Amino acid sequence: MEFIPHGSFRLLLGKHVILCSLHASFNYEAALELSRRVKEILSASPRKANLIDNRPWGLATPEASEVLAELNRWSIGMGLCRSAHVTEDPLTKGVIDHNLSPDSERYIRRHFADMEGARQWLADEGYPISDEELRELEELADRGDQAAK
């Protein structure tokens, strides 16, 4: 029996930041596909910051959470040092904080209620995001596309 991914994502390689939007609940297969795509992108063109819109996300199965935690550790090993999460739900924020790598000297994660707060923090940290990049991520979501470069 072959399992199909449940849950989806949108990825955009910005000039300074990887932008990502997570949608619906993730099973193991969806987490593996996200991990594969992020590793492909970061291996080819490393970025030291990301912005992740978790608002449309419905969390993940325990197996998928393990894959996402491993991806976070791998990304930090590749140089990721700032991660801005747009998260309205306190449960989602707690799950992210519990399952992902803790803040350290090299890596800092912050949660924001909206994209503009996340964007401003990343810009203040030296990782600006253009209006065009945010529009492109929204357009990907509207079209249902997985990734753009």
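## Leu32 and helix α1

Leu32 sits in helix α1, which spans residues 28–44; helices here are DSSP runs of H or I with at least four residues, numbered from the N terminus. This is a predicted model, where local features need pLDDT of at least 70, side-chain atom pairs count only at pLDDT 80 or more, and totals for chains, interfaces and linings use all residues. Residues are numbered from 1 along each chain as its sequence is written, and side-chain values use heavy atoms, leaving out hydrogens and water.

With 36% relative accessibility, Leu32 comes out as partly exposed, meaning between the cut-offs for buried (under 20% relative accessible area) and exposed (over 50%), with a 1.4 Å probe and protein chains only. Leu71 is 39 residues away from Leu32 along the chain, and their C-alpha atoms are 9.3 Å apart.

## Cysteines without a bond

You'll find zero disulfides here, a disulfide being a pair of cysteine sulfur atoms within 2.5 Å. For Cys20, the closest cysteine sulfur belongs to Cys81, and at 17 Å that's too far for a bond. Cys81 is likewise in no disulfide.

## A negative patch

Over on the surface, Glu132, Glu138, Glu139 and Asp142 form a patch of negative charge. Patch residues have over 30% relative accessible area and no salt bridge, with like charges joined within 9 Å; a salt bridge puts a side-chain nitrogen of Lys or Arg within 4 Å of a carboxyl oxygen of Asp or Glu. Glu138 belongs to helix α5, residues 131–143.

Key
Patches are made of residues with over 30% relative accessible area and no salt bridge: like charges are joined within 9 Å, nonpolar side chains (Val, Leu, Ile, Met, Phe, Trp, Tyr) within 5 Å. Accessible areas come from the Shrake-Rupley method with a 1.4 Å probe; for residues, only the protein chains shown count as cover. Lys and Arg count as positive and Asp and Glu as negative; His and the chain ends are not counted. The place of a charge is taken as NZ of Lys, CZ of Arg, CG of Asp or CD of Glu. Helices (H or I, at least four residues) and strands (E, at least two) are DSSP runs, numbered from the N terminus.
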